[in-house]
Amino acid sequence: MTPKMLLSATAFVALTLSGNAIVAQEGSEATALSSPKYGTWGFDVTGMDLSVKPGDDFFRYANGKWAERTEIPSDRTGYGNFTRLAELSENRLHAILEDAAAGKISDPDASKVAAAYASFMDEARADQLDAKPIERELAEIRGVTTKDQMTAVMGKSNTSGFVSILPVYISIDAKAPTKYTVMAATGGLGLPDRDYYLQPAFATQKAKYQEYVARLLGMIGWETPAESARAIVDFETRLAQDTWTRAERRDRDKTYNPMTVAELNTATPGFDWNRYLAQGELPKVQRIVVTTNTSFPKFARIYTETPLDTLKAWQAFHVADGAAPYLSKRFVDASFEFRNKTLGGQPEQRPRWKRAVTFVDRTIGESAGRIYVARYFPPEAKAKMDALVADIQTALKARIQRLDWMGADTRARALEKLSKFTVKIGYPTKWRDYGRLTLSKGDLYGNVTRAAAYEWHRDVARLNDPVDKTEWGMTPQTVNAYYMSTNNEIVFPAAILQPPFFDPDADPAINYGGIGGVIGHEISHGFDDQGRKSDGEGALREWWTADDAAKFTAQAARLGAQYSAFEPLPGAHVNGDLTMGENIGDMGGISLGLDAYHASLKGGPAPVIEGLTGDQRVFLGWAQVWREKIRDETLRQRLVSDPHSPARFRVNGVIRNVDAWYSAFQVQPGDALYVAPADRVRIW
Ligand SMILES: [Zn+2]
């Protein structure tokens, strides 16, 4: 089990996939602020491949030489400009944690932060304990003699290492966003996506998964590991068949299905919700918003048809799998071999201190963040961001006002929604209270489960309170950003407000293409295929006329078709439906960054730098933030599981729909990325 993120992962859309951390060193701490970090004006021209025509492959044109000279570090699954900044955050947090360990930090939570760090760093103790930390949970599974008892065990999944086929969680109510609600979804799979069970392209990974399941079962002394592993994978394959696709799970209308507990009991014979919820400390809950509702009866049926011994072995495997990164070396290695190496293509394990940083970030991340902000976030960065966000909002307002396909009614409401965005920059105004979380130096796995329980108890305790709108879903040290529809808010953690996204010493065109594009991306999420379904207050409700909604959907479908044609690996295409929201976000990002840049010139001409025009530099700024190399195994995994398109298409897929790109780089019919004007997708 991984400690819970600050907010349920389904609740917001992030700029990029997070949590995939860090490597190597760079001397960036010492860089003087008098000159830009990248190149002489904020862009690394030495990374361009001028032998490539921009119209054939703009991503390579902008980043090709960098890609040639860059090797992905052996403890990473990819490398690029997001990663470089993540490394910076990682190194800074490492310094903070070492100082906390040495008693040099005065923050009220410094000793808790130090305890979390020390517990992870104590490898000798983890080795000595071996599988002991999960013995109690395994014993509880062994003691199960009925399906009802197994249901009760699954009911504890939010406060323990147990897993559930129908996990519940607490989130903001999409239709009443001032309130929290209990939600339920399907779960139970150990592979990254249902496709891994069902598609022949993943047959090798599936076979290796079965070996891994058997290996872990053997390590915890479970009976007949090989046979049990086969039964477990068969069970999960049945669940996978009845699991909605990720693209289907994005649909905010179809995934909002309030049900009473009585209705749930009727829908899932053999799965007793009263018993289940009581174990999750939710005995009084009567209404649950069910996401993938049509799967529930099918899951219940599979549950009743699966032998109890298989379910027990399945539960035991998942406890061991979730705990493995926090146990002795043989567990850590087994988990790494399968999850990182086989599934991700990562050759080497990350050093322990780096994993410790990630652990602290996930366990008591806001307190570490408070220390981070005090040390590393210059207050003037916030003021500059305020101005940039205002520029981008102004640009979108102008675009909405002149859209030719949208009627007056929808337009008025779109403008109203835009006027109601909340903007959060840098760090929370109110820090998380970790008072009830106990972290102990000598109890790593205990820290993991207590951190999960802390999050859950906090959610349960405030279930009937008004929503805390000051809360953040990412820590300040995270290199990412997000839009959250239920709060109608865009959020930019401190760590992304640095070069190459944002560099006060860079040419403004680079900042408008970089952080301007990021801001535009997040704002556009409020108007993407799912974000557009909620209003300025964050409530999921229809505010579009049927005619305008149909026009939007038709344009979006054309964009989806463009992306689905991309084939990053032989036989593996981008999923235009899964990536729809992010692609619309990216389209808005570059378009709004460009508009805001133009507005910033106040009618004057853009300067030419090294022969590059202002527009050219905005596009290059956008391409530079997506500069990335990625391992094939990870790319394949992301194509089925990540709602973001691969970096290359976050550049090439977007710019080919923007008229200004054609004129900026003299792109002509016959160039590989050329799209005829009538076929270009224009949404916002
Ligand atoms: Zn996004």
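Predicted model: local features only at pLDDT ≥ 70, side-chain atom pairs only at ≥ 80, totals over all residues.

Colleague: Is the peptide bond from Pro499 to Pro500 cis or trans?

Modeller: That bond is cis, with omega near 10°. Pro500 belongs to the loop between strand S9 (489-493) and helix H20 (508-513).

Colleague: Let us turn to sheets. How should I read the two faces of a strand?

Modeller: In a regular strand the side chains alternate between the two faces of the sheet. In strand S5 (residues 257-260), Asn257 and Met259 make up the covered face, whereas Pro258 and Thr260 make up the uncovered one.

Colleague: Which residues of S9 are buried on each side?

Modeller: On one side they are Glu489, Val491 and Pro493, and on the other Ile490 and Phe492, so that both faces of S9 are covered.

Colleague: In what order do the strands around S9 stand?

Modeller: The order is S1-S8-S9-S7, in an open sheet of four strands with mixed pairing. Its edge strands, each of which pairs on one side only, are strand S1 (13-14) and strand S7 (422-426).

Colleague: How does S9 pair with S7, and how with S8?

Modeller: With S7, the pairing is parallel and extends over five bridges. Thr422 has Glu489 of S9 as its bridge partner, and Gly426 stands opposite Pro493 in S9. With strand S8 (residues 482-484), the pairing is antiparallel, over three bridges. Here Met484 has Glu489 as its bridge partner in S9.

Colleague: How many residues lie between S8 and S9?

Modeller: Four residues lie between these two strands, which form a hairpin. In the turn, Asn488 has a positive phi of about 40°.

Colleague: And in which sheet does S5 stand?

Modeller: S5 belongs to an open sheet of four strands in the order S3-S4-S6-S5, with mixed pairing. The edge strands are strand S3 (168-173) and S5, each pairing on one side only. On average, neighbouring strands of this sheet are turned by 45° against each other, direction ignored. S5 and strand S6 (residues 287-290) run antiparallel and are joined by four bridges. Thr260, on the uncovered face of S5, has Arg287 as its bridge partner in S6.

Colleague: How does one find enclosed space within a protein?

Modeller: Rolling a probe the size of a water molecule over the atoms shows where empty space is left. This structure holds four cavities of 30 Å³ or more. The second largest cavity has a volume of about 80 Å³.

Colleague: Which elements supply the lining of the second largest cavity?

Modeller: Helix H4 (123-129) and helix H19 (444-461) each supply at least two residues. The largest share, three residues, comes from H4. Among the lining residues are Arg125, Ala126, Leu129, Tyr326, Lys441 and Tyr445. By class, the lining has six nonpolar, two polar and four charged residues.

Colleague: Finally, which residues coordinate the zinc ion?

Modeller: His521 and His525, each through NE2, and Glu582, through OE, coordinate the zinc ion at 2.0 Å. In sequence these donor residues follow the spacing H-x3-H-x56-E.

Colleague: Why are His521 and His525 separated by about one helical turn?

Modeller: The reason is that they are four residues apart in helix H21 (residues 515-525). Both His521 and His525 are buried.

Conventions:
Residues numbered from 1 in each chain as written. Heavy atoms only, no water. Donors = N, O, S within 2.8 Å, 3.2 Å for Na, K, Ca; no water. Buried < 20%, exposed > 50% of the residue type's maximum accessible area, 1.4 Å probe, protein only. 1 Å grid on protein atoms, 1.4 Å probe; cavity = no way out; pocket = protein on both sides within 12 Å on 5 of 7 lines; lining within 4 Å. Points joined across faces, edges and corners; volume = space filled by probe spheres on them. Nonpolar A, V, L, I, M, F, W, Y, C, P; charged D, E, K, R; others polar. Pairing = 2+ DSSP bridges. Axes fitted to C-alpha atoms, helices over the stretch in contact; angles between N-to-C directions.
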